[in-house]
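Here is a friendly tour of the structure shown below.

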Amino acid sequence: MTTRVFTGLKPTGQLQVGNYLGAIRPLLDLAADPDNDVLVCVADLHALTVEHNPSQLRELTLEMAATLVACELNPRATLFIQSSVAAEHTELSYLLESTATYGEMSRMVQFKEKAKAQGAGSTRLSLLTYPALMAADILAHQTEVVPVGDDQRQHLELTTTLARRFNTRYGHVFTVPQGVTPAETARIKDLREPTTKMGKTGSDGAGVIFLRDNPDDIAAKVRRAVTDSDTSLHYDPSSRPGVSNLATLLGALTGMTPEQALVGLTGSGQLKQAVTVALVDTLGPIQKRYQDLRADPGHLRDLLIAGRDFASASAATTVAAAREAIGLLDLA
Ligand code: TYM
């Protein structure tokens, strides 16, 4: 028996090297294990919970899908676009909304924070109900393991609560999933502000390495990374955040600890040179595959259609069982 692993990523911006090392690479490791059956969705419906631009969303969805394939998620895992299975996922989401309470939904920290920032008049209703859709994404596929970052843990707890409640009230339909947070091997910081996390949308992007940055941009960004005046190299995040961040980055890219990564290097110039080489070596092949995929849209489309067909068949079985359990009439 294989273990069903499921996760999703919202297509809200260009992926950067922090996402790659913190989320995508752990996912690739899970997918490399033949005991796991990994499903990944580009959560475009979730991108509708906040202000968006339609043509940009379509492009970001394609970019995200192509980037994940370029990172070699396929064929180890199945990739699909959430909206391509919208019939099943949103139907189940409604059944789960009818299992959850308003109190539970409005207590979600992400909702509270974003709603407060936007004001009630501009907050989309889907932002409130979105954790039910995320629960539906997960539960539709009888998921056992959900790799997510800390920021999604509350949504995952709600998912397990709803699965248990539904199973208890209406009969066993859902596998109760477990979250796993990737080991904190590499929490990469912004190169210009090495005490702040590298973000999808950095202030001006100067301290963020995007997966599709070309070698010249990478070299320029690394050259301008903040270090300090001490000419020796030590890993000590509190007193030397800039050097330590570069050491963490180099270590994560080359499979070493930050301390090991610094061995044999003297001075921040050499460290920056080594980081640049490691980034170009890692990102170059991903970028090449990305270009090839974008040049052959039919191939990417075929992959996504295969993913959609797999995911919709997998979800349909669960949705049918949930409909029956909750008391909907079956005319078939
Ligand atoms: P999203 O797109 O915001 O983030 C994708 C993944 O990256 C992780 N992540 C982080 N991890 C640690 N620290 C951070 N600051 C950080 N920012 C992002 C996220 O935890 C996530 O693992 N609702 C989800 C997408 C989703 C989903 C799902 C996830 C839709 N359906 C089903 C799991 C299962 C989201 O907005 O993630």
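## Salt bridges

The structure holds 12 salt bridges, a salt bridge being a side-chain nitrogen of Lys or Arg within 4 Å of a carboxyl oxygen of Asp or Glu. Before we look at some of them, a word on the source: this is a predicted model, in which local features need pLDDT of at least 70 and side-chain atom pairs count only at pLDDT 80 or more, while totals for chains, interfaces and linings use all residues. Residues are numbered from 1 along each chain as its sequence is written, and side-chain values use heavy atoms, with hydrogens and water left out.

Side chains of opposite charge can pair when their charged atoms come close. Helices (H or I, at least four residues) and strands (E, at least two) are DSSP runs, numbered from the N terminus. R289 counts as partly exposed because its relative accessibility is 28%, and E72 counts as partly exposed at 37%. For these labels, buried means under 20% relative accessible area, exposed over 50%, and partly exposed in between (1.4 Å probe, protein chains only).

E91 forms a salt bridge with R323, and their closest N and O atoms are 2.7 Å apart. This pair also links distant parts of the chain, with E91 in helix α3 (residues 86-97) and R323 in helix α12 (residues 297-326), 232 residues apart. E91 has 27% relative accessibility, so E91 counts as partly exposed; R323, at 31%, counts as partly exposed too.

Next, look for D309, which forms a salt bridge with R308, the closest N and O atoms being 3.1 Å apart. D309 is partly exposed at 40% relative accessibility, and R308 is partly exposed with a relative accessible area of 31%. Elsewhere, a network of salt bridges links D228, D230 and R240.

## Enclosed cavities

How many cavities of 30 Å³ or more are there? The count comes to 2. On a 1 Å grid over the protein atoms alone, a cavity is a set of points where a 1.4 Å probe fits but cannot get out, and a pocket is an open set with protein on both sides within 12 Å along at least five of seven lines; lining residues have an atom within 4 Å of a point. Grid points are joined across faces, edges and corners, and a volume is the space filled by probe spheres set on the points.

The largest cavity has a volume of about 50 Å³. By class, the lining of the largest cavity has 5 nonpolar, 3 polar and 1 charged; Ala, Val, Leu, Ile, Met, Phe, Trp, Tyr, Cys and Pro count as nonpolar, Asp, Glu, Lys and Arg as charged, and the others, Gly among them, as polar. The second largest cavity, with a volume of about 40 Å³, is lined by G13, Q14, L15, L60, E63, M64, T67 and R212. That lining divides into 3 nonpolar, 3 polar and 2 charged residues.

## The second largest pocket

The second largest pocket holds about 310 Å³ of space. Of the 14 residues that line this pocket, D44, R58, T61, I81 and L304 are the closest to its centre. The elements that give two or more residues to the lining are α2 and α12, and α2 provides the largest share, 5 residues. The lining of the second largest pocket has 7 nonpolar, 3 polar and 4 charged residues.

L162 is found in helix α7 (residues 153-170) and counts as buried because its relative accessibility is 0%. Leaving aside neighbours within four places in sequence, L162 is in contact (heavy atoms within 4.5 Å) with L96, T99, A100, E104 and A135. L162 and A100 are 62 residues apart in sequence, yet 6.5 Å apart in space, C-alpha to C-alpha.

Not counting residues up to four places away in sequence, K221 touches L191, G205, A206, V208, I209, F210 and D213.
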